[in-house]
Amino acid sequence: MSSRRSRSRQSGVSTEITDAQITDLVSKLQQLIPELRARRSDKVSAAKVLQETCNYIKNLHREVDDLSDRLSELLANTDSNSAQAAIIRSLLM
Amino acid sequence: MASLESIINAPEPSTNNPETTSPDADSNPNKRRKIGHRTVAADASLNHLHWTSQSEQQIYSTNLLRTLRHVLRRNPSPSTTASKPRQVRYAADRVLAAAAKGRTRWSRAILSSPPPFNNRRMLHKKAPAARKKVTGLRSMRNGTEKKKLPAVERKTRVLSRLVPGCRKLSFPNLLEEATDYISALEMQVRAMTALAELLAGGGSPSGLAGESLS
């Protein structure tokens, strides 16, 4: 991965990825991260955006794991009636 | 929508490595500008927003609940099947990936990965992040500068490991995938949170309609 960007510069013709493109993508990513959304994009470095992105994804993974834990318990304990009620409710809304 | 069976049953190990072939250029409904053998979507910026819609979350919750009840109803042999939370996580990820309808690399990678195995005997591998703290060039010994990759490169590598199926992706494509993946994960959290609250008996009906993340 280390030579990816330099490789694209060397080949020149078809695999050129412009800096503007990258800046654009990085700023779009920044808008998604709650931590960085409020800050101006020219004040946040790409490294910072990437760092916070990684942290954010790890947090989301952890949340999903916790929720999986919770759901596995809830679904084991709950009787079929309330589970069906939940489905019906969800379908109606 | 993918059938219940296709989501629950793991596929055969695919001979087709999704990371090296790029059939998306032709079959993908999104307009993709071909740059060499790598593609950059022309309007990828808007795609990830569909994860925020209420209907998307609704559909996901319904499919997830159906899948989970099916999965947890089976009585698996405890020696070979993973724990229940693990199975729930696996199912939740697969239903999420199915909702992407094959448009993204991360979703295709999830759908082609095998089900979790009870690996009590295997040593649990630590995540790569535990290896070395990223401190930049501040760590210098004896005045000699250690040769390190630039910060952006290092963090890009970490990111590529976090997003499924994206280890060998170009930087722009990786960022695209990450953008979509994050939106999808957020929806997954919203949906599962609302489901949990509903099943716990305390949730109001509005709980399923796009709660914001805490």
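Biologist: Which residues in α2(A) are buried?

Modeller: This is a predicted model, in which local features need pLDDT of at least 70, side-chain atom pairs count only at pLDDT 80 or more, and totals for chains, interfaces and linings use all residues. Residues are numbered from 1 along each chain as its sequence is written, chains are lettered from A and ligands numbered from 1 in the order in which they are written, and side-chain values use heavy atoms, with hydrogens and water left out. Buried means under 20% relative accessible area, for a 1.4 Å probe and protein chains only. In α2(A), the buried residues are Q21(A), I22(A), L25(A), V26(A), L29(A), Q30(A) and L32(A).

Biologist: How far apart are the end C-alpha atoms of α2(A)?

Modeller: Helices are DSSP runs (H or I) of at least four residues, numbered from the N terminus. The expected span is 1.5 Å times one less than the number of residues. The 14 residues of α2(A) should therefore span 20 Å, and this agrees with the distance between its end C-alpha atoms, 20 Å.

Biologist: Are α2(A) and α3(A) oblique or roughly parallel to each other?

Modeller: Axes are lines fitted to C-alpha atoms, over the stretch in contact, and angles run from 0 to 180 degrees between N-to-C directions. Angles under 35 degrees count as roughly parallel, over 145 as roughly antiparallel, 65 to 115 as roughly perpendicular, and the rest as oblique. The axes of α2(A) and α3(A) are 10 Å apart, at an angle of about 40°. The two helices are therefore oblique.

Biologist: Which residues of α2(A) and α3(A) make the contact?

Modeller: Contact means heavy atoms within 4.5 Å. From α3(A) come A46(A), V49(A), T53(A) and Y56(A), and from α2(A) come V26(A), L29(A), Q30(A) and L32(A).

Biologist: Is the crossing of α7(B) and α8(B) left-handed or right-handed?

Modeller: A crossing is left-handed if the near helix is turned anticlockwise from the far one by less than a right angle, and right-handed if clockwise. Helices α7(B) and α8(B) pack at about 50°, with axes 10 Å apart. Their crossing is left-handed.

Conventions: Buried < 20%, exposed > 50% of the residue type's maximum accessible area, 1.4 Å probe, protein only.
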